[in-house]
Amino acid sequence: MSVLAQFAVNGIVAGSVYALIALGFALIFTASRVFHFAHGGVYTLSAFAGYTALVTFKLGLVAGFLAAIVVAAIIGVLINILLYEPMKAGGVSPFVAMISSFGVLIIITHMTAMVWGSNPVVLSRGGQTTVYRLGPIYTTDAQLLIIGFAAALAIALYIFFRHMRLGIAIRALGNDSELAEVVGMPAKRLRHISFIVGSGLVGVSAMLIGLNVGIIDFNMGNEVILMATVAMIIGGLGNVGAAAGGGFVLGMIQNIAIWKIESKWQMALSFAILIVVLLFKPNGLFGEKRPATGL
Amino acid sequence: MEYFIYIGTLIAIYATLTISLNLLVGYTGLISIAQAAIYGVGAYTTALLALHVTNDLLISFLCASATGVLVSLIIALPSLRLKNEYFLIATMGFQAIIFSLFMNLEITGGASGLYGIPHPTLFGHTIRTPLEKFFVALALAVVCYLLALRITNAPFGRLLRAVREDQTAVASLGKSVFRIKFSVFVFSAVFAAAAGTIYVYSLTAIDPVAFALDESIFIITLVIVGGTGSLNGSLLAAALLILLPEAFKFLAIPDAIAPQLRQVLYGVLLVFFTRYRRQGLIGEYRDVLK
């Protein structure tokens, strides 16, 4: 029983990690309807930016996080300004932008490898990790930080999208951007804001996760963005809270499954769940009925 | 000299893969990123057959295509019910699942793959030299090209394009859109799997990384760069994109960053063509990627 409890705690940690990535990914999807796969590249690059500030130049933890956030936000909004917005203006569908996004992911990932090398590097803030013990269950301060931040962020974004003008405007934009512009919304600016915030969040996530794992490498974003996609779809598209919920569910399933299934099958299991959800519950577990997603 | 022959074989393999995927992407409007998985299924079938049963080339082609078709059925049946982004993501899911099988099953040799695969035989003659293997690869590419040409010019080809342009119209004429998509998916799988046979016999080994998601994205890149809906474009793109990074070898680019630079180049091409030239180098149908 205590083994299962430990798996559940690991599941909550993993779920929070997926939720963190899925939140920014879903925020961007909500505003632009683009599956922004390059988000995985932004995640990787921001971790290395944080690494450079924290480990290479020894500027401290705050500077590490700031570097990650600023780099992520700038790269994220640049991708929107230079690629997605012109495509949208040219009448190209978000689907083609999604294919383009794979190209951006490849470029960022391999440029990172060219600059920082293709071997993993140690990301550590120095000092000791505090381990907490609750009965038979173990957890660390970095893990608690991830869980807390994911929960706070999910709640904040939920309130933002439900009760604040800007959030409601961004949702409206995602549902029908032409209509949003007709009623006088600054559509372009709203999308830019979404890319800045969504990417900035992934910068924080990259540092939290990097510090928890202890090492970072140029490939770290690829698996994470695939899991964020799975999380967003099983949670429910076009709904940020649902994406976070999907992340939690995915993390829990993966870790409780370790009880019966070897961990090497986690990836396959996650995608099997994705395909089942796509076929039988296309609105996701927590999504509303929403034909606007095109399913 | 042997090096150039090997490059030639590689171009023939990618030409086959690109043409087979172009039938899906360019003619039918189905953007699948599971092509590398099907290619891998053909390769593993061939390798296991050669290691344990027979290395006869024709039997290898036959069995690889058969398993390729089987797997494509498993992918197509659920995925074809989805549209656009969701079709792509479902095929991506299958790509990830199949790649995970390659990497983790015992029979596929896990992450180290399979090696020591014998040379193939054809009518009792052992195909040993790289030049002979190049001609086998070339023959497959030519057969694939001619069949694709025949299909796309036949009435069935018009039907494919009609599905791409307006599914509802096709359905309203009493044609089964699902069956049309399904047939082209299976046809595409036959050649992708056969390309896997060539891969195995030209390397006499398997590295699972050759069938990862990146590879599927690379094949999509070839289709888009050449031009969706253009078979000649696919040939051109396969030749250009395989040859281009080889130029790095002559530009004295350090070995440590050459493979990274190659990927960056492919990424830049994918972004450039989806952004500025969606009809590709010599494609005529600008509307495929709309």
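**Exercise 1. Describe how helix α5 (residues 141–163) of chain A packs on helix α10 (residues 240–257) of chain A.**

Step 1. Take the geometry. The two helices pack at an angle of about 155 degrees, and their axes lie 8 Å apart. Axes are lines fitted to C-alpha atoms, for helices over the stretch in contact, and angles run from 0 to 180 degrees between N-to-C directions. Helices (H or I, at least four residues) and strands (E, at least two) are DSSP runs, numbered from the N terminus.

Step 2. Name the arrangement. Angles under 35 degrees count as roughly parallel, over 145 as roughly antiparallel, 65 to 115 as roughly perpendicular and the rest as oblique. Therefore α5(A) and α10(A) are roughly antiparallel to each other.

Step 3. List the residues. From α5(A) come Ala154(A), Leu157(A), Tyr158(A) and Phe161(A); they meet Val240(A), Gly241(A) and Ala244(A) of α10(A). Two residues are in contact if their C-beta atoms, placed from the backbone, lie within 7 Å.

Step 4. Sort them by class. Six are nonpolar, one is polar and none is charged. Here Ala, Val, Leu, Ile, Met, Phe, Trp, Tyr, Cys and Pro count as nonpolar, Asp, Glu, Lys and Arg as charged, and the others, Gly among them, as polar.

A note on the model. It is predicted: local features need pLDDT of at least 70, side-chain atom pairs count only at pLDDT 80 or more, and totals for chains, interfaces and linings use all residues. Residues are numbered from 1 along each chain as its sequence is written, while chains are lettered from A and ligands numbered from 1 in the order in which they are written.

**Exercise 2. Find the residues that touch the most other members of the largest nonpolar core.**

Step 1. Define the core. It is a set of buried Ala, Val, Leu, Ile, Met, Phe, Trp, Tyr and Cys residues joined through C-beta atoms within 7 Å. A residue is buried if 20 or more other C-beta atoms lie within 10 Å of its own, exposed if 12 or fewer, and partly exposed in between; C-beta atoms are placed from the backbone.

Step 2. Pick the residues. The core has 199 residues, and Ala22(A), Leu23(A) and Ala231(A) touch the most other members. Helix α1 (residues 2–32) of chain A gives the largest share, 16 residues.

Step 3. Follow Ala22(A). Beyond its neighbours within four places in sequence, its contacts include Ala231(A), Met232(A) and Ala244(A).

**Exercise 3. Describe the side of chain B that touches chain A.**

Step 1. Count the residues. Chain B puts in 31 residues and chain A 34 residues.

Step 2. Find the helices. In chain B, α4 (84–104) and α11 (258–276) each supply at least two residues of this side. α11(B) gives the most, with eleven residues.

Step 3. Give the classes. The side of chain B has 17 nonpolar, eight polar and six charged residues.

Step 4. Look at Glu85(B), in helix α4 of chain B. Glu85(B) is buried because 22 other C-beta atoms lie within 10 Å. Leaving aside neighbours within four places in sequence, Glu85(B) contacts Phe35(A), Phe95(A) and Met98(A).

**Exercise 4. Describe each chain as a whole.**

Step 1. Take chain A. Chain A has eleven helices and four strands. Of its 295 residues, 54% are buried. Its C-alpha trace spans about 55 × 45 × 35 Å along the principal axes.

Step 2. Take chain B. Chain B has eleven helices and four strands. Of its 290 residues, 53% are buried.
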